[in-house]
Amino acid sequence: MQAIMETLFDAVYLTTVVTLGIIMMLKADGRKELLLFGIMSVLLGCGDAFHLVPRALALCTSGLDSFVVSLGIGKLITSITMTIFYIILFYIWKMHYKIKGKIWLDVSVLMLAFVRILLCFMPQNAWTSENAPLSWGIYRNIPFALMGILIIVLFFIKARETHDKQFKWMWLAITLSFGFYIPVVLVADKIPLIGMLMIPKTCAYVWVVYMGFSQLVKEFKEGKIENLECANLADNCESQAFKTEENINDIPCDNTNKTDASNAKNVKIDKNNSATEFILNNDKANSTDNTSTVTAKKKVVKNTTAIDKTAENDKNNHK
């Protein structure tokens, strides 16, 4: 019964987080926060699969004792992917709340992650042994727990400061995941029933993933977008509006400049009018001169004709 229920639960969990992650990656369309959530979700599912799939096979076949090596390697891979999971979640926090600077936070998170991964690779962990030392299980989880506490505090403070509804309970989900995980690390070997706490711990991780996916779901239900493929319209419109506002602000629009521009325009119009009048007057004058010249020529022709006729009459009389 345990094998069937646990296997079904693990299958639903892995399918859910990987599917949500792939959807967020495909629908991100340039939205970096959503893309990071998608990558984080896929990483979570794939990393846990290295441990959960061999465990499901062991429960459904010959038992856990026959899969010690594969389970140990799976735990190592899961430990590393979970560390990267919280690194990505930290940068989602910075991106979501638009945190600039504060390099000491980056250094703190990355240093804790480095120490955690380094401790995971120490041979003293004896990952493939049936009797792995509890002490090294504690050592490698100390920096991991400190990183988790730091991220819990960061999300708690910013969510309250900004009244953020989307990540309002992110700190609680992370707290629950660590709260259910630590007892398993400490006493699960002595009290196997404590291992059942991994189920609510897994549910807490699904909650974290869904918080990233919830914004798309909210927009879709409220009809703000027709489908999930249009989820990036809000970001694009906001970006265009911001650029337009910057361009408007760059244009000088005080009254003095407006008056100067108006006066300059009027002066230009006056000059154009004056030039037009000058051209018209010249044309009129030229037209008058031409008319006078033609009239004078006609008079000269008439006078010449009259003289010729008079001379001809005198000649005929003389004859």
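Color the protein chain by pLDDT, the predictor's confidence in each residue, from 0 to 100. Helices here are DSSP runs (H or I, at least four residues), numbered from the N terminus.

This is a predicted model: local features need pLDDT of at least 70, side-chain atom pairs count only at pLDDT 80 or more, and totals for chains, interfaces and linings use all residues. Residues are numbered from 1 along each chain as its sequence is written, and side-chain values use heavy atoms, leaving out hydrogens and water.

Now select α3 (residues 68-96) and α4 (residues 103-120). Their axes lie 10 Å apart, at an angle of about 175°. Axes are lines fitted to C-alpha atoms, for helices over the stretch in contact, and angles run from 0 to 180 degrees between N-to-C directions. Over 145 degrees counts as roughly antiparallel, so α3 and α4 are roughly antiparallel.

Show side chains next. Leu76, Ile80 and Phe90 are among the α3 residues that meet α4, where the partners include Leu105, Val109 and Ile117. Contact means heavy atoms within 4.5 Å.

Move to α5 (residues 134-162) and α6 (residues 170-187). Their axes come within 9 Å and cross at roughly 170°. That makes this pair roughly antiparallel too. Gly137, Phe144 and Gly148 are among the α5 residues in the contact, and Trp171 and Phe178 among those of α6.

Finish at residues 282-307. Here pLDDT stays under 50, and the model has zero contacts beyond four places in sequence. Compare residues 228-234: pLDDT also stays under 50, but the model has 13 such contacts.

Technical notes. Helix = DSSP H or I, 4+ residues; strand = E, 2+ residues; numbered from the N terminus. Parallel < 35°, antiparallel > 145°, perpendicular 65-115°, else oblique.
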